[in-house]
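Thanks for coming, everyone. Please have a look first.

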Amino acid sequence: MTIRCTSMIVRGVHVNFLISAMFCVSFFSFMVTHFFGLPHISQHRIVLKSENIVLPAIQQHYRLSQKLGISSGGKKSSTHGIRDYIPIASIFAKIIVGSTTIDSKNKIKGLCPFVSPLLVWAGNAWAAGWWCYPLLIRSNLGWTNMSMIASDSRKENEYAFTSRMSTMGLKPGGNYKPENCYSRNKVALIVPYRRREFHLKIFLRYMHPFLQRQQLQYVIFIVEQTSSPFNRGMLMNIGYQEALKLGSFQCFIFHDVDLLPEDDRNPYTCPKNERPRQMAYSIDIYDYRQTPKQHLGGVSAFTVNDFQLINGFSNLFWGWGSEDDDLFRRVLHHNLTVIRITDDEPSFGNIVRYRMIDHRKEKSNPDRDLLLDGWKYRLINDGLSNLSYIKLHVQLTPLFTHVLADIQQTPLTSG
């Protein structure tokens with residue numbers, strides 16, 4: 001009797017195991033086919049420009065995820081942690097999208113998908129098989145809080161991270177392009193910096209994997225000044241000019257070092273001409289309430305044509321505040337339209353959230369209101385057109401291109 005019961009139990013366990021395994025495999029195959037295999041991702045030749053299709057593609061991606069019941073949801077958006085292991089990437093290694101070519105290594109390569117299959121967020125991590133791959137997913141699922149990111153940054157030394165990024169294809173100067181496809185976007189990330197060493201360490205360990213999962217071709221420029229007080233706008237202009245001396249870019253993303261995007265689906269792609277994109281308008285310190293429409297600070301994206309047209313940032317705002325308000329007025333004066341990706345799709349609110357790293361507030365500019373009042377009289381002669389600085393060095397470090405400049409508050413630039 002005991003032997004018979006034992007035999008029945010063993011058979012039952014085997015049956016349950018096989019059923020569970022078959023369910024996992026079937027569910028995983030279904031999700032790969034129907035979730036990642038979006039209609040706009042095919043092996044047919046695609047000739048549309050990325051800026052005309054990328055947001056509709058993300059919209060389709062997002063709607064489909066909601067229908068499948070795997071939306072991230074919740075008050076706080078979910079995404080990967082600072083550890084950048086890319087789940088199920090090998091499944092997509094042979095996907096070819098767009099016009100195909102053969103590279104120097106005789107590998108067939110095409111344009112990267114409009115929506116990268118490497119994105120990591122709560123929905124597709126769960127879809128990949130929580131039950132089947134617990135160790136794979138747990139290291140990436142869900143937003144990792146700042147204390148954990150900081151802890152990871154302290155534990156991993158710079159050499160280990162640099163080696164890991166080099167293995168992923170990162171070149172000196174923080175220069176990256178996807179290996180298996182041609183990116184549709186060539187982006188320069190300009191980051192103004194001064195005495196924020198730990199913030200920079202967190203930023204680089206977070207943003208490199210984030211940008212790589214979006215299959216972007218990009219370079220990170222860290223622009224630092226040697227003098228005081230801080231001039232964010234001028235550093236942005238310097239970064240823009242020095243970047244163009246080193247190469248060509250489709251667009252520039254001007255990015256504060258203390259802001260991190262929470263969700264991989266937040267596109268760091270290039271905007272259309274005449275439609276600069278405001279990106280950091282839903283931030284945790286404001287309980288994710290959207291900032292006013294005229295807010296153009298934190299993170300913003302411009303095409304080269306548009307940034308040149310508006311004459312860049314003003315060089316006059318020394319200390320904290322109002323250089324972004326001045327920028328917004330320049331944009332409107334030239335009949336450009338500032339967009340947010342939630343303008344056409346309000347349901348995207350959960351994927352455009354940012355987390356701000358704690359920091360000490362910079363000293364305010366006491367003349368910022370007076371300067372802002374005279375913005376229209378300075379449009380032509382204040383910005384890229386009168387930018388003056390001493391370039392101390394442009395150094396290609398393993399993780400970024402470091403631009404060090406001496407800028408002085410002269411009577412001409414102090415207003």
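Which polar atom lies 3.0 Å from the backbone nitrogen of Tyr268? It belongs to the side chain of Gln214. That is a polar contact, meaning a pair of N or O atoms within 3.5 Å; within protein, one must be able to donate a hydrogen and the other to accept it, and residues adjacent in sequence count only if both atoms are side-chain atoms.

Ground rules next. This is a predicted model, numbered from 1 along each chain as its sequence is written; local features need pLDDT of at least 70, and side-chain atom pairs count only at pLDDT 80 or more. Totals for chains, interfaces and linings use all residues, and side-chain values use heavy atoms, with hydrogens and water left out.

Back to Gln214. Its place is the loop between helix H7 (197-213) and strand S6 (217-225). Helices (H or I, at least four residues) and strands (E, at least two) are DSSP runs, numbered from the N terminus. Gln214 is buried, at a relative accessible area of 11%. For the cut-offs: buried is under 20% relative accessible area, exposed is over 50%, and partly exposed is in between, with a 1.4 Å probe and protein chains only. Setting aside residues up to four places away in sequence, Gln214 touches Ser116, Leu119, Asp264, Asn266, Pro267 and Tyr268. Contact here means heavy atoms within 4.5 Å.

Now the chain as a whole. The protein chain has 12 helices and 13 strands. Of its 415 residues, 55% are buried. The accessible surface is about 19800 Å², and carbon and sulfur atoms account for 56% of that. Those areas come from the Shrake-Rupley method with a 1.4 Å probe; for residues, only the protein chains shown count as cover. Take contacts between residues at least 6 apart in sequence: 82% of them join residues at least 24 apart.

Confidence next. pLDDT is the predictor's confidence in each residue, from 0 to 100. The chain average is 75, and 64% of the residues score at least 70. Two stretches to flag. Residues 32-54 stay under 50, and the model has 55 contacts for them beyond four places in sequence. Residues 125-144 also stay under 50, with 51 such contacts.

On to strand S7, residues 251-255. How many of its residues are buried? The count is 5 of 5. Cys251, Ile253 and His255 point one way, while Phe252 and Phe254 point the other. What does S7 pair with? Strand S5 (residues 186-193) pairs with S7 in the parallel sense, over 4 bridges. Two strands pair if DSSP finds at least two bridges between them. Val187 has Cys251 as its bridge partner in S7. S10 pairs with S7 in the antiparallel sense, over 5 bridges. There, Ile253 stands opposite Ala301.

Now charges. Side chains of opposite charge can pair when their charged atoms come close. The whole structure holds 15 salt bridges. Each one is a side-chain nitrogen of Lys or Arg within 4 Å of a carboxyl oxygen of Asp or Glu. Compare the surroundings of two pairs. Asp263 and Arg265 meet at 2.8 Å, N to O, and both are buried. Asp287 and Arg289 meet at 3.5 Å, N to O, and both are exposed. Asp343 is partly exposed, at 39% relative accessible area. There is also a network: salt bridges link Asp326, Arg330, Arg378 and Asp382.

Gly297 is in the loop between S9 and S10. Gly297 is buried, with a relative accessible area of 2%. Beyond its neighbours within four places in sequence, Gly297 contacts Arg232, Gln278, Ala280 and Asp324.

Thr397 is in the loop between strand S12 (390-396) and strand S13 (401-406). It too is buried, at 14%. What does the side chain of Thr397 reach at 2.6 Å? The backbone oxygen of Phe400. Thr397 and Pro172 are 225 residues apart in sequence, yet 5.7 Å apart in space, C-alpha to C-alpha.
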